[in-house]
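Let's take a friendly walk through a protein model together. Please have a look at the picture below before reading on.

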Amino acid sequence: MAGRFEGKTVIITGAAGGIGLAAVTRFASEGASIVAVDLKRSPLDEALAAAKAAGGESIAVDADVSNESDVQRYVAEAVSRFGGVDVLFNNAGIEGAVIPLEEYPLDMFQQVMAVNVNGVFLGMKHAVPALRARGGGAIVNTSSVAGMTGNASISAYVASKHAVVGLTRSGAQAYAGEGIRVNAVCPSPIDTRMMRALEEGLNEDNPAAIKEQMEGIIPAGRYGTPGEVASFVAYLASDEAKFINGGIFPIDGGMTSA
Ligand SMILES: NC(=O)c1ccc[n+]([C@@H]2O[C@H](COP(=O)([O-])OP(=O)(O)OC[C@H]3O[C@@H](n4cnc5c(N)ncnc54)[C@H](O)[C@@H]3O)[C@@H](O)[C@H]2O)c1
């Protein structure tokens, strides 16, 4: 496996978070130069250290993925520092509030859509010219099992992750002829900060009970790990997956198989 991304530049958004950090380690360990993007600069120190420990070069860019000029800047920095872009892991996201739909505040709904949908759209929009300049490449978007099924308490998140599926399929249609593939991963609960926040939101007094309940509806009987997501993302981004385009892939221990 070593070396699948030798000489390649990989942009990872949400690189300071659980899944993003695991992706930094995975891609760097396979030879990639990493552009680690997150809202603030200092939490990205861990990503830079992880890339270094895995033997890869990296830079950190603080950028808000919902802001178009920030997105243009992270792509431009990738090109100026490493000469181009081969892979975008469009992964930054927020969960929003855990509130019934009829009580969901519009401003919070819009914030979730801004990060999870506009962020993914803008990443695709501005990475495509850079991928084209390399003669092709891969985009992997992070949707969720919430992009495949509904959920009463997190309607904004569910809507945003369904939209990521639409963007993925549209991008696959648009750029297949240019060797640019766009796929999406749909993780079930994965052990990161985001699940801690959702567990708290669902039961402030006993978040552990929510975890137990969730694990009960995952046939594998547990949450996934960030590394399990990262290894599949790396596969989808690699040339081994070059006939895979427009795919929407659960990584969910069987959760959506029923
Ligand atoms: N953890 C899960 O159970 C799970 C399941 C399915 C999908 N996902 C998705 O996986 C992705 C990564 O989530 P995670 O579990 O690692 O959560 P996380 O909270 O650990 O990481 C998310 C990262 O995105 C960053 N981010 C948020 N808003 C941003 C913005 N506007 N601009 C730039 N960066 C921003 C955060 O600072 C954070 O570092 C998200 O898109 C999430 O929706 C997570």
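What follows is a tour of a core, a central strand and a helix.

The model is predicted, so local features need pLDDT of at least 70 and side-chain atom pairs count only at pLDDT 80 or more, while totals for chains, interfaces and linings use all residues. Residues are numbered from 1 along each chain as its sequence is written, and side-chain values use heavy atoms, with hydrogens and water left out.

**The core**

In soluble globular proteins, nonpolar side chains tend to be buried together. A nonpolar core is a set of buried Ala, Val, Leu, Ile, Met, Phe, Trp, Tyr and Cys residues joined through side-chain atoms within 4.5 Å. Buried means under 20% relative accessible area, exposed over 50%, and partly exposed in between (1.4 Å probe, protein chains only). The largest nonpolar core here has 33 residues, and Ile12, Val24, Phe27 and Ile34 touch the most other members. Elements supplying at least two residues each include β1 (9-13), α1 (18-29) and β2 (33-38). The biggest giver is α1, with seven residues. Helices (H or I, at least four residues) and strands (E, at least two) are DSSP runs, numbered from the N terminus.

Apart from this core lies another, of 29 residues, including Ile11 and Leu167.

**Strand β5**

Is β5 buried or exposed? Six of its six residues are buried. Gly137, Ile139 and Asn141 point one way from β5, while Ala138, Val140 and Thr142 point the other way.

Two strands pair if DSSP finds at least two bridges between them. Here are the two partners of β5 in this tour:

| Pair | Bridges | Sense | Opposite residues |
|---|---|---|---|
| β4 and β5 | four | parallel | Leu88 and Ile139 |
| β5 and β6 | six | parallel | Val140 and Asn183 |

From β4 the chain crosses through helix α4 (residues 106-133) to β5, in a right-handed β-α-β crossover. Right-handed means that, with the strands pointing away from the viewer, the path from the first strand over the helix to the second runs clockwise. Another right-handed β-α-β unit is made by β5, helix α5 (residues 155-175) and β6.

**Helix α8**

Which residues of α8 are buried? They are Pro226, Val229, Ala230, Val233, Ala234, Leu236 and Ala237. Among the elements covering them are α1, β4 and β5.

Notes: Contact = heavy atoms within 4.5 Å.
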